[in-house]
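User: I'm new to this one. Can you walk me through it?
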Amino acid sequence: MDLARFLELVRTQGWQGWSLWVVLLAQALLWVGIVRLHLSLQREEAPWEECIGKIRSAFLRKVNGEEEIQELKVHRYAPLVDQLLALHFAEEKTDRFDRWLLLRWKVKEGLRPYWIRWGYLIIAFGVVVWYLQGLRLDMGTDLLKRTPVDPRLLWVWLGYAMVLAWKIVRIHGNLERVQRSLLLPRRDE
């Protein structure tokens, strides 16, 4: 990365050069946003096989099953899994279909903030790419290559954003597995 070239562009290209600082700031904010989203998704990762196995084991056991159910009430896996378990035990006396609706709603409600943050980041990405397209028309692409505002860095960012979207979908699938094991535990899933 050629920092001297970037500073020369800022100095010699007039208002387009000074607007490169805005692009650099926007790209930095995009990277900070995506790292924060990544870290918050890491908190939601649970040892899924162990979690689902313990839930099925607790509900299917004839001997010591009640002790395992009591252990499930206090065990901590991940925030969303813990919310599902708490809701299940709070609504244990209601009809199975009602619990299914409540758990499904809780899964969607729990993942909504992550999808909203991801959506805002994608919109911001579009704005930065649009602004860079305008600068590219004025200055050309070759001037920006190998500088901190290289447009190719944004495509790396977009690829990582797609990986995080896949992670959210995977967490959603695992939460549905937890929901199924709470409502209709089976020996093998």
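Analyst: First, some ground rules. This is a predicted model, where local features need pLDDT of at least 70, side-chain atom pairs count only at pLDDT 80 or more, and totals for chains, interfaces and linings use all residues. Residues are numbered from 1 along each chain as its sequence is written, and side-chain values use heavy atoms, with hydrogens and water left out.

User: How many helices and strands does the chain have?
Analyst: Seven helices and zero strands. Both are DSSP runs numbered from the N terminus: helices are H or I with at least four residues, strands E with at least two.

User: What share of the residues is buried?
Analyst: Buried residues are 38% of the 189 in the chain. Buried means under 20% relative accessible area, with exposed over 50% and partly exposed in between (1.4 Å probe, protein chains only).

User: And contacts along the sequence?
Analyst: Take contacts between residues at least 6 apart in sequence: 76% of them join residues at least 24 apart. A contact means heavy atoms within 4.5 Å.

User: Switching to helix pairs. At what angle do the axes of α3 and α4 cross?
Analyst: Roughly 140 degrees, and the axes come within 7 Å. α3 covers residues 48-60 and α4 covers 65-74. Axes are lines fitted to C-alpha atoms, for helices over the stretch in contact, and angles run from 0 to 180 degrees between N-to-C directions.

User: So what do we call that?
Analyst: That angle makes α3 oblique to α4. Under 35 degrees counts as roughly parallel, over 145 as roughly antiparallel, 65 to 115 as roughly perpendicular, and the rest as oblique.

User: Which residues of α3 and α4 make the contact?
Analyst: From α3, Lys 54, Ile 55, Ser 57, Ala 58 and Phe 59. From α4, Gly 65, Glu 68, Ile 69, Glu 71 and Leu 72.

User: How does α3 lie against α7, parallel or antiparallel?
Analyst: The axes of α3 and α7 (residues 152-183) cross at roughly 10 degrees and come within 9 Å. That makes α3 roughly parallel to α7. The contact includes Trp 48 and Ile 52 of α3, and Ile 171 and Leu 175 of α7.

User: Now Leu 87. Is Leu 87 buried or exposed?
Analyst: Leu 87 counts as buried because its relative accessibility is 16%. Leu 87 is in α5, residues 79-90.

User: What does Leu 87 touch?
Analyst: Leu 102, Leu 103 and Lys 106, not counting residues up to four places away in sequence. Leu 87 and Lys 106 are 19 residues apart along the chain, and their C-alpha atoms are separated by 8.4 Å.
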